[in-house]
Amino acid sequence: MASIDRIIRMGCAAVFVLVAGTGVGCTHHHSPLADVCAQLPEGVVLPESFYPLANHSELDRADDSYNGWPRYIVCDRDNMVMAYVPSQTFNMGGGIGTDEVPAREVVVSHFYIDITEVTNGQYHRFRKVHARCDREDHDTYREYFVRGVNNDHPVRNISWMDARLYSRWVRRMLPTEAQWEAAARGSDRRIYPWGNEPQIETTRYLCNCKTTRAAFDGYEYTAPVMNFAAGVSPYGAFQMAGNVAEWCADWYDPGRYAYPSEEDPAMGLERGAKAFGDENFPNPLAKIIRETRVGPFRGDEKAIRGGSYADPIEKCRVDSRRTARPGAYLANVGFRCVLPLPPNTATR
Ligand SMILES: [Ca+2]
């Protein structure tokens, strides 16, 4: 058995060399969604691999631009469309769990957020490019992935570490809890992405959650990620309530809300910035930055937000928190990513 195992490992190594080899000198093809020729105003710089969304980048149109920043951008690496979330002071917390109170004001600097959860199709492509022969547990998503059938459903049953690996591959990050909640609710204290009304019979197509009747909202389990358009967040992000719950960057701290207010940890980006794409962008993977922006320095569990198809509507509130160990594989937890922007160019 040992020798067979060794042969498999050698085979994997050979495949890896071949895959790595094809990357050398190949011509990069841009995402068909990317407007690579778009003009951006002075001071508005997107890092490498990110472009304004094609046909949505006229700067003088309010629908296309947010204080000069394109309202929607595309990440070349996975064709993910991202929405701009402006710098804001918002009311974080105030939920029904003991770890969600009291509500307090939190400042977040502007960033982009994926408009959908990362899909099976996107994650599968990442796995094909990035397969590590020695870590088969990265492929746990396959349990729920049927190629050609649910490519556009959210990836799930992946650990926090898997989600972070993907986010690095696409040069993005997992959102902090503060970023996630700001993107889901904006500054008007709403308790669902669409407003304050819970999902009821007449509004049952607002999110994919668990109801007393099976498939009451159209889906018994996950739904395609770009769905329930009436339930998008104030910035246009889909299914921040329901479908799959989403890993966040932060270690979970049940007592964190006891602090009266908190500057966005991402403000730490102003310190120790390193080149990322160009000098305008700090490298979000730098250790010093990661530690200043991701809440508690250490912990046992990571924060999870947004509720899922397996949760009642109350668990899909924007302030609802839950947790799991970063190595856990959960059938109802996936993720989406953010692209932090340089705070010094933030328009408030
Ligand atoms: Ca979700």
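Q: At what angle to β9 does helix α4 run?
A: Helix α4 covers residues 177-185 and lies across β9 and β11 (302-305). The model is predicted. Against β9, helix α4 runs at about 140°.

Q: Which strands are at the edges of the open sheet of five strands?
A: Start with the strand order, β1-β4-β5-β8-β14, where the pairing is antiparallel. An edge strand here pairs on one side only. That leaves β1 (50-52) and β14 (338-340).

Q: What is the average twist from one strand to the next in that five-stranded sheet?
A: The sheet in question is the open, antiparallel one. Going from one strand to the next, the twist averages 30°.

Q: Which residue in the turn of the β4-β5 hairpin has a positive phi?
A: Strands β4 (residues 72-75) and β5 (residues 80-85) pair in the antiparallel sense over four bridges. Val74 stands opposite Val81, and Cys75 has Met80 as its bridge partner. Four residues sit between the two strands, and the one in the turn with a positive phi, about 60°, is Asn79.

Q: Which residue of β8 is the bridge partner of Met82?
A: On to the pairing of β5 with β8 (residues 111-114), which is antiparallel over four bridges. In β8, the partner of Met82 is Asp114.

Q: How many of the six residues of β5 are buried?
A: Strand β5 is largely enclosed by the rest of the structure.

Q: Within what arc do the buried residues of α2 fall?
A: In helix α2 (residues 120-130), the buried residues are Asn120, Gln122, Tyr123, Phe126 and Arg127. Seen down the axis they line one face of the helix, because they fall within an arc of 165°.

Q: Which exposed residues does α2 carry on the face turned away from its buried side?
A: The buried side has cover that includes β5 and α3 (160-169). On the face turned away from it, the exposed residues are Lys128 and Val129.

Q: What covers the buried residues of α3?
A: Trp160, Asp162, Ala163, Tyr166 and Ser167 are buried in α3. They fall within an arc of 160° seen down the axis, so they line one face of the helix. Just after α3, Arg171 takes a positive phi of about 60°. The cover over the buried residues includes α2, β9 and β11.

Q: Which strands stand at the edges of the open sheet of four strands?
A: This sheet has mixed pairing and the order β12-β11-β9-β13. Two of its strands have a single partner strand each, so one side of each is left without a neighbour in the sheet. They are β12 (321-324) and β13 (333-334).

Q: Which residue in β13 is the bridge partner of Ala245?
A: Strand β9 (residues 245-251) pairs with β13 in the parallel sense, over two bridges. For Ala245, the bridge partner in β13 is Val333.

Note on methods. Residues are numbered from 1 along each chain as its sequence is written. This is a predicted model: local features need pLDDT of at least 70, side-chain atom pairs count only at pLDDT 80 or more; totals for chains, interfaces and linings use all residues. Two strands pair if DSSP finds at least two bridges between them. Axes are lines fitted to C-alpha atoms, for helices over the stretch in contact, and angles run from 0 to 180 degrees between N-to-C directions. Two residues are in contact if their C-beta atoms, placed from the backbone, lie within 7 Å. A residue is buried if 20 or more other C-beta atoms lie within 10 Å of its own, exposed if 12 or fewer, and partly exposed in between; C-beta atoms are placed from the backbone. The arc is that of the directions from the helix axis to the C-beta atoms.
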